Amino acid sequence: MKFTLDWLKDHLDTEADVETVARAMTMAGLEVEDVIDPVAKLAPFTVARIVSAEQHPNADRLRVCQVETVDGMKEIVCGAPNARAGLVTIYAPIGAYVPGLGVTLVEKPVRGVVSNGMLCSASELELSDESDGILDLPGDLTVGRPAAGVFGAQPVIDFEVTPNRPDWLGVAGIARDLAAAGLGTLKTPAIEAVPGAFPSPLSIRIERPDLCAVFAGRLIRGVRNGPSPQWLQDRLRAIGLRPISALVDITNLVSYDRARPLHVYDASKLVGGELVARGGQSARDSGEPEHLIALDGKTYAPGPNACVIADAAGERPIGLGGVMGGESTGCDEATVDVFVESAWFDPLATAQTGRDLGIISDAQYRFARGVDPASVVPGLELATALILELCGGEPSEMVVAGEAPASPASFAFDPARVERLTGLEVGDEQIADILTALGFQIARGDHWIVTPPSWRRDVEGPADLVEEVARIVGYDALPSTPLPETQRAPSGVLSPRQARMRTARRALAALGWREAVTWSFTSRKIAQLFGGGDERLVLDNPIASDLDCMRPSALPNLIQAAARNAARGHADAALFEIGPVYAGDRPQDQTTTITGVLAPHAPRAWTGAPVDPLFALKADLLALLEELGAPVASLQLVQGQNPGWWHPGRSARLQLGPKAVVAQFGALHPGVLKALDADGPMLAFEIVLDTLPQPRAAKSGSKARPAAELSALMPLTRDFAFVAPEDLVAGDLMRAVQGADKALISEARLFDLYRGKGVDDGMKSLAVEVVIQPREATLTEAEIEALSTKIVAAADKLGARLRS
Amino acid sequence: MTDLAQLELDLIQAIGQTATTTEVEALRVQALGKTGTISGLLKGMGAMSPEERREKGPMINGLRDRVGAALAAKKAELEAAELDARLLAERIDLTLPAPPRRRGSVHPTMQVMDEMIALFAEMGFAVAEGPDIEDDFHNFTALNFPPKHPAREMHDTFFLKPDPETGERKVLRTHTSPVQIRAMRAGEKAPAPWIASGQEPPIRIIAPGRTFRKDSDATHTPMFHQIEGLVIDRDIHMGHLKGTLEAFVARFFEMDQVDARFRPHHFPFTEPSAEMDIRCDRSGGRLRLNEGEDWMEILGCGMVHPKVLIACGLDPDEWQGFAFGMGVDRLAMLKYGIPDLRPMFDADTRWLAHYGFSAFAAPNLATGLS
């Protein structure tokens, strides 16, 4: 919403400058977004008179002028064809910034003659887009008069109107709040009723009071509709509106002055004697919805819940009520008889019509937010007076159909509520003064009964009044009070799950993974590749077609991110994300995963091949699970059962049981990578945080740990080499070896895997170092021998023979 | 020259000529070993007369000591030389690079969330969570956005497809405020263990999380992060709101004090409502806090609207309190000089390396936030 300072001063008696007004507005909740101050821009410029203009000695087109200025007589070089003795124009001194040229004037010779300033054109002052020559002003202007005063330039304030305050869409409403805030005295001119000279030949009928509650109108005959006077045109232009004709300009003026939209019909173009407010309808025979060409020249098909104004016995649509008038009955220069409409259209219906038809107009914007229902008749009277003043004519009596919606209800208010809710100490008298200044009526007794004004339909209860008082007193006055001390959760504020997310984040970062945050969406096609894409998770209004579905996994986003990095020349991304995935649209369908994607392209190193990246990833995953307190030793590794987006031979899952899968890891399926335009191979892991069992300590609640068992006896090691068939997996062998004597064997480490010479085809050799921890006494050779026999027997059961 | 003197001379000479510790050892065995020459002389002393022993004993013992010492000295000398030679041979080029180690990092948004949680935890706030896919009731209606109300349009809401049976459209939450509702509705059982369950007042929570609006330009992304705050008790007023947020902002920006102002605003779910601005200077393309004449909005807040309390089953005559919400990504940008929002969600490893945080920079009150 834009308005000019002088417009405000029509309603508010104040000496405040534009900066003060802007500050007061912002601190009262009318947040100023911009102050455009042509006065400041024009400050260096003043009126001057050319005393003489001589031909420049060295240039045909230039003149050397002697100019009477605010700074005395000045010699100024001027190239304008109209520079002549006696011309009154505008002078810019050295040092002035000329906005239309974007330069600051410096003293320098022009073809050998020093110019001590500049004479300005309208475009150089940004008063118009183009100009031929310097300004030619009335001869009676005094030299030295500020240019800003000559051009009536006004500062413009642009501010944000919050949706609860449609009354701020009129300058009168802004002035009321500023007056309450102490910036001046409200002096909005009263509106006087204009008596009708004859009965209105047109009547009004409301068919749909749910769309249009009240509709007032009157005919004014014999008007002359030419261009509106300069002051009105200037006022509209200053706030970015285009002057059209006096009648239309008057409706715009009232709309911005009183937040009261109006519409004018050329009465000669109306058919029949009745205007009908009804819903959009379809042709009875064809079922074809009716069409209407609006004033913007576009054709609209209003639905059954859009308000249509119709003539010809309600048959011909001539306007979209509260939104835009129709082209067929619009006013133009030839209009002689005008019918003025002042109505109240339902806010929700008007908002819906605007959305459905894609129209935003000043009227639609105002009605959708809620116009003061009590302004129907006064608005029409004001428009009548302005039309009579600017266009002449003779008014009919007013016709009114329908009834204005009820005013906001009164309610009880305890002024002590102000302090209770805000901590502000404000006396009852001041509270009453503020509310009264804002238009509230107060009946003071044991309890106050407060009636909001008709234009404040947002005020429904005591809290709303507290806000009114607080914002007018000013939030600066609020005390700054620390929160009272409170009982703290003895074990910290994060739930174990929240704490785990934090641990996972920092553990992975320490292990060399970079945390990414990616969209919660992906494309439905991609979601389907990862087991998602359910209808219930598809967005109705996606921001882009490739972001139209909630993700079933963070994998696709991270794969695509790794691919983008590769395309930028960084092929070795190791990315992780801790975030939501969605299995359905219910709250419990959302789970949190810890997901990592690695593009295994570590740079070559002179030290030789590092560990196979898939096993490096496995190590990171196990280290992470260990950090998260997962029961790593009890996890089973199951290969070959991962879903289809994993490489069938190079992926596995870690589980506590078939229904308690804790993590999946491995290489991603090359076909899936191809579908995502990602160069493989890529490795990944995914932990479902919500299925990760709670750490034991968290379950029992005890922080105490069992006593440490630190043996005084030296552990010893023995190596075993087994030859086993290819299909015996290492994990089974290791488990068998370790299980051969759970009391004595503390660890078994596989340190060599060999195939080739000396080992039969289809077989492999696995070398294992077994760590033996004596418990009570040093083991004898015979005891060690017996243990070795048990180990060999356990391996043998699986088909692994001790290599000879 | 006596035989003994000759023997000593020969041995010392021989020791002097040895070049390896092995040769020294051979000489030692030859002279001092079991059958060595000097050992023989020592053994011979047993057969001597006491007079002869008195005369020759010291000479033989002296010979043994001197030769022994010479052998030891020579051995030490040779060992030192051999070690030197070995060490010289073992020299390697330590300018060779260490094996590359992948560097990891924490995302700045998450770092800032951890900072905020640390600060609010210290003020007694617990952390509550809610789902990203919300129903109309939690995201709008209970927060005093009536159906069809124009205020809803300000939110550029993402909708899921309507339910084929009920026609209900779920939304992607447009703010973290629905968690307020979940935390305040004491009768409502949480649909999942991680989701905030309703509790009786007093309530003091923050709710960080993802939020969504259908908006995409230089300063907006369709997904972003907010942190919500809610305090409900019998006598919490707007002064507490101001005090809490002023303290938070100063500590977040790690300053003694931040020049902040509160100004009236409108949110459907708070009354009175406010926005908090901080003083800043944007000249020269750099942002400096606490300087200049500009104000920058950093959060919205207010006293919880009575209708919201009622929707949650609380009596506004008994309970009151404040709520606030702020953009985490934006505050991360402000604090750490990150110029653009969009790269936050692009996972460019160069950007993550530049703006990311060390794993060990976990915010805490002992070492400072960052």
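The largest nonpolar core of this predicted model has 253 residues, and those with the most contacts inside it are Val338(A), Ile559(A), Ala562(A), Leu575(A) and Met682(A). A nonpolar core here is a set of buried Ala, Val, Leu, Ile, Met, Phe, Trp, Tyr and Cys residues joined through C-beta atoms within 7 Å. A residue counts as buried if 20 or more other C-beta atoms lie within 10 Å of its own, as exposed if 12 or fewer do, and as partly exposed in between, with C-beta atoms placed from the backbone. Helix 10 (residues 376–391) of chain A supplies the largest share of this core, eight residues. Helices (H or I, at least four residues) and strands (E, at least two) are DSSP runs, numbered from the N terminus. A second, separate core of 28 residues includes Val47(A), Ala53(A), Val67(A) and Val77(A). In soluble globular proteins, nonpolar side chains tend to be buried together.

Because the model is predicted, local features need pLDDT of at least 70 and side-chain atom pairs count only at pLDDT 80 or more, while totals for chains, interfaces and linings use all residues. Residues are numbered from 1 along each chain as its sequence is written, and chains are lettered from A and ligands numbered from 1 in the order in which they are written.

Overall, 83 residues of chain A are in contact with 75 residues of chain B. On the chain A side, helix 14 (residues 496–510) gives the most, with eight residues. By class, that side has 43 nonpolar, 21 polar and 19 charged residues, where Ala, Val, Leu, Ile, Met, Phe, Trp, Tyr, Cys and Pro count as nonpolar, Asp, Glu, Lys and Arg as charged, and the others, Gly among them, as polar.

Within chain B, strand 5 is largely enclosed by the rest of the structure, because 10 of its 11 residues are buried. Strand 5 of chain B runs antiparallel to strand 4 of chain B, and 10 bridges join them; strands pair if DSSP finds at least two bridges between them. One of these bridges links Arg210(B) to His225(B) in strand 5. Strand 5 of chain B also pairs with strand 10 of chain B in the antiparallel sense, over eight bridges, and Ile232(B) has Gly321(B) in strand 10 as its bridge partner. What packs against strands 4, 5 and 10 of chain B? The buried residues of helix 11 of chain B do, and they also pack against helix 5 (108–122) and strand 9 (294–304) of chain B. Among these buried residues of helix 11 (residues 328–336) are Val328(B), Leu331(B) and Met333(B). Just after helix 11 of chain B, Gly337(B) takes a positive phi of about 65 degrees.

Chain A has an open sheet of seven strands, in the order 30-33-34-38-37-36-35, with mixed pairing. Strand 30 (514–515) and strand 35 (636–639) stand at the edges, each with a single partner strand, so one side of each is left without a neighbour in the sheet. Strand 36 (residues 646–655) and strand 37 (residues 661–668) of chain A pair in the antiparallel sense over six bridges, and Leu654(A) has Ala663(A) in strand 37 as its bridge partner.

Terms used. Two residues are in contact if their C-beta atoms, placed from the backbone, lie within 7 Å.
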